[in-house]
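Please keep the sequence and the model in view while reading.

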Amino acid sequence: MIHSHDLIKNRILIVGANGMLGQRLIGYFQAEKNVELLASSVEEISYNDPSVPYMQIDMSKRESVKNVVYDFYPDYIINAAAFTNVDLCEKERETAWKVNVKGVEYLAETSRIIDTHLIHISTDYVFDGKNGPYAENAKPNPLGYYGRTKLASENALRLIGATNTIIRTNVLYGPVKNGRPDFVRWVVNSLKDGKEIRIVTDQINNPTYLDDLVQAISRIIEFRKQGIFNVGGKEFLSRYDFTLKIADFFRLDKSLIKPIKTCDLHQLAPRPLKSGLVILKAETSLGYMPHSIQDTLVKMKKELAL
Ligand SMILES: NC(=O)c1ccc[n+]([C@@H]2O[C@H](COP(=O)([O-])OP(=O)(O)OC[C@H]3O[C@@H](n4cnc5c(N)ncnc54)[C@H](OP(=O)(O)O)[C@@H]3O)[C@@H](O)[C@H]2O)c1
């Protein structure tokens, strides 16, 4: 990403370092010679390699954000933190707003003051899923509170006027070692244990391999791109078909996968159904090239010894 002749190191602050995306970002940027990295997340105990400097941050508190940002003085902040439990967001609206909107406002305010480039991760849940896949300029219409907070965070970023890039992504999966398993590992573990799993046939997306997203973020830094970018996978398919692909690849018992409809789940938050993200802009202006699902499963099998 960064060339060896660059004399000055890029200082990168990763917020949400303990999360799925955060862990993969740390792994990637840690290996970059010309990057000075600071990991931060709300938990005091981090999963990360102790060789990576770590500071606790609560982005829902302005003082906490100021402490970390002004102390480290980053060139880039990558915000991979959020209140991501979509159903809980319906019940715990105040917390969801504080983290997903106020937290982003605080990051943007501090970024503007010290001229930091803020890269923020958003979601296809800003759309209603009536006519996806969506391009960057499609009109948002979130169905649930999580989507509303994420749309509000995008708007706050633009209003505050810090140098920023918004990346919208969907259905993240990949070789995450700590914390809750990603969708692929959950499917593999459940089927290996002989458990029946009920999977929806009516939610369409282009699932995104975490390391593809990390590559896109790295290119945004390299090319200093601002604005909105969709980052997703190559293939559009239902969650059910994605699950069948996983079972096929790992040679697991597909009869344990039961097709259902989203409405059968009686979840608190409505889901966008016909969703997913058009990735043409990222392909053409970042040279983004996502792997096929098949290739990503090969990588996961190797790295996680699944
Ligand atoms: N997962 C998906 O399928 C998906 C799809 C579309 C978009 N996205 C977006 O992609 C981003 C990354 O998602 P992810 O799945 O990697 O998330 P994740 O695994 O749920 O991790 C989110 C992290 O945010 C941190 N966090 C929560 N509240 C915080 C606070 N007050 N201050 C600081 N950190 C806080 C948590 O830290 P601790 O672990 O320290 O508690 C957690 O590790 C999010 O913006 C999400 O909205 C995700």
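This is a predicted model: local features need pLDDT of at least 70, side-chain atom pairs count only at pLDDT 80 or more; totals for chains, interfaces and linings use all residues.

Which residue of strand 2 stands opposite isoleucine 12? It is leucine 37 that faces isoleucine 12.

**Strand 2 and its partners**

- Strand 2 covers residues 35-41, and five of its seven residues are buried, so this strand is largely enclosed by the rest of the structure.
- Strand 1 (residues 10-15) runs parallel to strand 2, and six bridges join the two.
- Together with helix 1, strands 1 and 2 make a right-handed β-α-β unit.
- Strand 2 also pairs in the parallel sense with strand 3 (residues 54-56), over three bridges.
- In this second pairing, serine 40 stands opposite methionine 55 of strand 3.

**The shell around the ligand**

- The ligand is surrounded by 27 residues, of which the closest are Asn18, Gly19, Ser41, Glu43 and Ala81.
- Two or more residues of the shell come from each of helix 1 (20-30), helix 4 (93-114) and strand 5 (117-123).
- Helix 1 provides the largest share, three residues.
- By type, the shell holds 14 nonpolar, 11 polar and two charged residues.

**Glutamine 294**

- Glutamine 294 belongs to helix 10, which spans residues 293-304.
- Glutamine 294 counts as exposed because it has 11 C-beta neighbours inside 10 Å, and the limit for exposed residues is 12 or fewer.
- Phenylalanine 249 is 45 residues from glutamine 294 in sequence, yet their C-alpha atoms are 7.7 Å apart in space.

Definitions and conventions. Residues are numbered from 1 along each chain as its sequence is written. A residue is near a molecule or strand if its C-beta atom, placed from the backbone, lies within 6 Å of it. Helices (H or I, at least four residues) and strands (E, at least two) are DSSP runs, numbered from the N terminus. Ala, Val, Leu, Ile, Met, Phe, Trp, Tyr, Cys and Pro count as nonpolar, Asp, Glu, Lys and Arg as charged, and the others, Gly among them, as polar. A residue is buried if 20 or more other C-beta atoms lie within 10 Å of its own, exposed if 12 or fewer, and partly exposed in between; C-beta atoms are placed from the backbone. Two strands pair if DSSP finds at least two bridges between them. A crossover is right-handed if, with the strands pointing away from the viewer, the path from the first strand over the helix to the second runs clockwise.
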